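Here is a short walk through one structure. Keep the sequence and the 3D view open as you read.

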Amino acid sequence: MSGASRGTRFSRAELESYRDATVPDLVGPGVRLLFVGINPGLWTAATQTHFAHPTNRFYPALWRAAITAYEIRREAGFTPEDRRYLIERGIGITNLVDRATARASELSPAELRSGAAVLAEKVRSWGPRLVAVVGITAYRTAFGRPRARPGRQPDLLEGAGLWVVPNPSGLNAHETVDSLAEWYRKVAQAAGVLPKAGGHSPGGGFVR
């Protein structure tokens with residue numbers, strides 16, 4: 001559905017045309033760390049790239065955490081090399097709800113609960129080592145855990161470790177790229193994507 005090229009910008013009307021569109025999961029064999037967004041935003045749907053909005057801090061935080069060796073430029077959509085690189089690193093990305101909206105608040109509790117059931121099926125099929133749900137409020141509703149707190153959860157999800165980490169959306173004013181990077185580094189270490197001791201400085205040290 002995407003016709004985006006590098007540097008593409010969208011008008012409000014163009015973005016609205018992607019409402020209720022879907023975005024394919026980013027996943028490959030050997031996925032170790034599965035990030036779970038709430039649902040695609042309109043910019044994500046337009047580019048067919050998860051967390052693609054220019055103000056979203058997901059990829060800057062991955063780079064700051066040394067999970068990726070470079071900062072992925074997502075605004076106009078992944079390049080084939082970006083997709084391959086994330087898959088080779090053992091990173092997967094999916095959503096609780098498939099359909100795109102302007103804001104996650106447009107989703108109903110029933111959609112989120114249904115999405116949790118679908119996610120469980122995906123995790124059972126893909127077998128990641130760790131699942132990181134991005135957003136505590138959506139997690140509480142989807143999984144029926146109204147008192148859940150961010151961090152590692154006491155229950156597994158189809159055999160995978162289950163964490164809740166902060167949402168990197170620009171609308172989440174409580175977090176910065178640095179604070180997000182700390183959370184994402186923790187789940188990457190727990191999933192075996194990063195070593196648990198030592199580490200690398202952003203931008204180097206990895207073999208693609």
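Contact means that heavy atoms lie within 4.5 Å. With that in hand, turn to Val 187. Setting aside neighbours within four places in sequence, Val 187 is in contact with Leu 33, Phe 35, Leu 130, Ala 132, Trp 163 and Val 165.

A word on the source comes next. This is a predicted model, in which local features need pLDDT of at least 70 and side-chain atom pairs count only at pLDDT 80 or more, while totals for chains, interfaces and linings use all residues. Residues are numbered from 1 along each chain as its sequence is written, and side-chain values use heavy atoms, with hydrogens and water left out.

Stay with Val 187. Its place is in helix α7. Helices (H or I, at least four residues) and strands (E, at least two) are DSSP runs, numbered from the N terminus. Val 187 counts as buried because its relative accessible area is 0%. Buried means under 20% relative accessible area, exposed means over 50%, and partly exposed lies in between (1.4 Å probe, protein chains only).

Which residue lies 154 residues from Val 187 along the chain, with 7.6 Å between the C-alpha atoms? That residue is Leu 33. Leu 33 belongs to strand β1, residues 33-37. Leu 33 is also buried, at 0% relative accessibility. Not counting residues up to four places away in sequence, Leu 33 touches Gly 90, Ile 91, Gly 92, Leu 130, Ala 132, Val 187, Ala 188, Ala 191 and Val 193. For another distance, take Thr 68. Leu 33 and Thr 68 are 35 residues apart in sequence and 13 Å apart in space, C-alpha to C-alpha.

Helix α7 spans residues 177-191 and also holds Gln 189. Gln 189 counts as buried because its relative accessibility is 19%. Beyond its neighbours within four places in sequence, Gln 189 is in contact with Leu 194, Pro 195 and Lys 196.

Now follow the rings. The structure holds nine aromatic pairs. Rings of Phe, Tyr and Trp (its six-membered ring) pair if their centres lie within 6.5 Å; planes under 30 degrees apart count as stacked, over 60 as edge-to-face and the rest as tilted. Phe 10 and Trp 43 form an edge-to-face pair, with 5.2 Å centre to centre and 90° between the planes. This pair links distant parts of the chain. Phe 10 is in the segment before α1 (12-16), and Trp 43 is in helix α2 (residues 42-47), 33 residues apart. Are these two residues buried or exposed? Phe 10 is buried, at 18% relative accessible area. Trp 43 is buried too, at 9%.

Ring pairs also build a cluster. They link Phe 35, Phe 51, Phe 58, Tyr 59, Phe 78 and Tyr 184. Tyr 59 sits in helix α3 and is buried, at 1% relative accessibility. Leaving aside neighbours within four places in sequence, Tyr 59 is in contact with residues including Phe 51, Phe 78, Leu 86 and Ile 93. Gly 41 is 18 residues from Tyr 59 along the chain, and their C-alpha atoms are separated by 16 Å.

Lys 186 lies over the face of Trp 183, at 4.9 Å from the ring centre. The rule asks that NZ of Lys or CZ of Arg be within 6 Å of the ring centre and within 35 degrees of the ring normal.

Two loop residues deserve a look. Asp 20 is in the loop between α1 and β1. Its phi is near 75°, a positive value in a residue other than glycine. Asp 20 counts as partly exposed because its relative accessibility is 44%. Ala 66 is in the loop between α3 (58-64) and α4 (80-88). Its phi is near 70°, again positive in a residue other than glycine. Ala 66 is buried, with a relative accessible area of 3%.

The largest pocket is lined by 43 residues, of which Arg 103, Ala 104, Asn 167, Ser 169 and Leu 171 lie nearest its centre. On a 1 Å grid over the protein atoms alone, a pocket is an open set of points where a 1.4 Å probe fits, with protein on both sides within 12 Å along at least five of seven lines; lining residues have an atom within 4 Å of a point. Helix α6 gives the largest share of the lining, four residues.
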